[in-house]
Amino acid sequence: MKIDTVIIGGGITGLSVAYHLKNKNYIILEKENAIGGLCKSVTDKNGFIYDYTGHLLHIKNDYVKKLVKKLLKKNLILKNRNSWIYSNNVFTRYPFQANLFGLPEKIIYECIEEFIKSKLQNSQLSTLNSQLSFYDWCLKIFGNGISKYFMIPYNEKLWKINLKNLTTDWLGNYVPQPALQEVIKGAFTDDNKKIGYNATFFYPKMGGIQSLIDSLKKNIPGIKTDVKISSIDISRKIVKTNNGDIQYKNLVNTIPLPEIVKLIKSVPENVKKASKKLKWTSVLNINLGIRRKNLSDKHWIYFPEKKFNFYRAGFYRNFSESLCPDGTSSMYIEISYRNRKISKEKMLKKTIGELKSAGVLKSSDKIISECILDIPYAYVIYDKDRNTALETICNYLRKNFIFSIGRYGGWKYSTMEDAILEGKEITKWLK
């Protein structure tokens with residue numbers, strides 16, 4: 001079979017490439033029996049719809065907003081974020097650094113005092129960001145208080161590495177940096193202000209995030225599922241699969257970089273070494289269905305403290321009531337891990353116990369649905385090796401007409417909006 005453009009991976013990035021190629025000669029190869037990658041939903045026998053963790057559409061770009069509205073039509077709602085942090089046995093609004101109200105008085109004053117001290121000592125910090133570790137950046141931007149009570153413990157749970165080895169290259173607009181006036185106001189009043197890139201979000205009314213994938217699919221004829229790629233011969237431009245060989249002009253990769261490198265025949269030693277330097281975290285996504293309608297009024301909660309094994313939990317019914325049967329609620333809980341096997345059964349039992357200790361679940365709550373989703377590649381780690389390794393691998397791929405894009409193909413921290421835009425942009429290079 002001869003194809004102009006072969007797209008590896010049927011996640012949202014690969015689907016965006018195919019959608020924007022319009023009627024050109026392409027094919028999407030997806031190893032699973034359904035498309036969507038991590039941007040999909042599963043429905044269990046009890047009628048609960050679970051996403052692969054919280055998949056919310058934080059859209060700023062006008063083109064993406066127009067496209068999503070075109071695809072989902074009336075099946076789309078806009079929500080104002082209602083997210084919180086649970087620490088020191090109290091709930092405070094997110095982001096922590098701008099919402100100290102409700103914390104013990106001693107902690108509030110410590111955070112404000114250290115924040116002011118950091119501002120006085122680091123007034124020229126903007127020119128030094130790229131030279132700092134994330135750990136040092138937190139201390140200099142937020143001071144010892146906010147760093148100690150949230151920024152450092154939370155990010156240690158998420159990234160699972162020493163934060164002195166994490167760079168600041170991923171930051172972008174993901175970590176809000178409030179002004180002193182905002183910190184003080186948020187310390188002494190319950191100020192529900194919109195701060196951060198995710199202050200609002202879009203979500204489908206029906207069907208979970210899968211409905212976005214299904215809408216894209218209707219416009220994309222060239223999709224092949226259950227395709228297992230055994231190897232890629234870049235000299236002959238041939239992808240070998242369980243369904244036969246495919247010859248291509250251009251290849252677009254959206255699967256994790258370490259996986260595409262393994263598939264290519266005769267990879268140079270420097271590229272192999274670079275691939276081995278890439279690091280990432282995995283996530284165990286525990287989904288629960290509970291026989292209680294009003295489990296919480298929140299969208300999601302962050303848990304920075306070590307006594308909880310999870311770093312975040314969210315509540316599906318508050319995204320859309322269609323995700324839960326009548327009289328029930330459901331939630332997702334995220335546990336980050338690296339380089340080790342993790343017992344799903346032990347984590348499930350431990351998680352339920354910790355949710356009860358935090359008051360999220362009651363001892364009387366009956367859990368009627370459990371769905372555990374393991375996500376081997378979740379967050380790309382930005383350490384000192386990433387940029388050089390990434391440049392080595394991507395230069396090699398580009399020279400061989402392989403365009404590697406998206407969160408995992410491009411090996412970066414990015415959103416669904418970024419995936420859609422990158423899929424559109426790469427089509428300009430595919431001839």
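**Helix packing and a mixed sheet in a predicted model**

Modeller: In this predicted model, helix H8 (residues 269-276) and helix H10 (residues 386-399) have axes that come within 8 Å and cross at roughly 135 degrees.

Biologist: Which residues make the contact?

Modeller: On the H8 side they are Asn270, Val271, Ala274 and Ser275, and these meet Ala389, Thr392, Ile393 and Tyr396 of H10. By class, the residues of this contact of H8 with H10 are five nonpolar and three polar, with no charged residue.

Biologist: Switching to the sheet, in what order do the strands run?

Modeller: The order is S7-S6-S14-S15-S16-S13-S17, seven strands in an open sheet whose pairing is mixed. Strand S7 (90-93) and strand S17 (367-380) are the edge strands, each pairing on one side only, and from one strand to the next the twist averages 25 degrees.

Biologist: How many bridges join S6 to S7?

Modeller: Four bridges join strand S6 (residues 83-87) to S7, and the two strands run antiparallel. Within that pair, Ile85 stands opposite Thr92 in S7.

Biologist: And which helix packs on the sheet?

Modeller: That is helix H4 (residues 134-159), which touches S6, strand S13 (280-290), strand S14 (300-302), strand S15 (312-315), strand S16 (329-337) and S17, and whose direction makes about 95 degrees with that of S17.

Biologist: Back to helix pairs, then. How are H3 and H5 placed?

Modeller: Helix H3 (residues 105-121) and helix H5 (residues 180-188) have axes 11 Å apart and pack at an angle of about 175 degrees, so H3 and H5 are roughly antiparallel to each other. Ile108, Tyr109, Ile112, Phe115 and Ile116 of H3 make the contact with Leu180, Val183, Ile184, Ala187 and Phe188 of H5.

Biologist: How does that contact divide by class?

Modeller: The contact of H3 with H5 has 10 nonpolar residues, with no polar and no charged ones.

Biologist: What about H1 and H6, roughly parallel or roughly antiparallel?

Modeller: The axes of helix H1 (residues 12-21) and helix H6 (residues 210-217) come within 10 Å and cross at roughly 25 degrees, and H1 and H6 are therefore roughly parallel to each other. H1 passes H6 in a left-handed crossing, in which Ile12, Leu15 and Tyr19 of H1 meet Leu212, Ile213 and Leu216 of H6. That contact of H1 with H6 has six nonpolar residues and neither polar nor charged ones.

Biologist: Staying in H1, is Ser16 buried or exposed?

Modeller: Ser16, which lies in helix H1, counts as buried because its relative accessibility is 2%, where buried means under 20%. Leaving aside neighbours within four places in sequence, Ser16 is in contact with Ala419, Ile420, Gly423 and Lys424.

Biologist: Where is Ala419 found, and what does it contact in turn?

Modeller: Ala419 is found in helix H12 (residues 416-426), and with its neighbours within four places in sequence again left aside, Ala419 is in contact with Ile12, Thr13 and Ser16. Ala419 also counts as buried, at 6% relative accessibility.

Biologist: One last thing: what separates Ala419 from His299?

Modeller: Their C-alpha atoms are separated by 23 Å, and Ala419 and His299 are 120 residues apart along the chain.

Note on methods: Residues are numbered from 1 along each chain as its sequence is written. This is a predicted model: local features need pLDDT of at least 70, side-chain atom pairs count only at pLDDT 80 or more; totals for chains, interfaces and linings use all residues. Side-chain values use heavy atoms; hydrogens and water are left out. Axes are lines fitted to C-alpha atoms, for helices over the stretch in contact, and angles run from 0 to 180 degrees between N-to-C directions. Contact means heavy atoms within 4.5 Å. Ala, Val, Leu, Ile, Met, Phe, Trp, Tyr, Cys and Pro count as nonpolar, Asp, Glu, Lys and Arg as charged, and the others, Gly among them, as polar. Two strands pair if DSSP finds at least two bridges between them. Angles under 35 degrees count as roughly parallel, over 145 as roughly antiparallel, 65 to 115 as roughly perpendicular and the rest as oblique. A crossing is left-handed if the near helix is turned anticlockwise from the far one by less than a right angle, and right-handed if clockwise. Buried means under 20% relative accessible area, exposed over 50%, partly exposed in between (1.4 Å probe, protein chains only).
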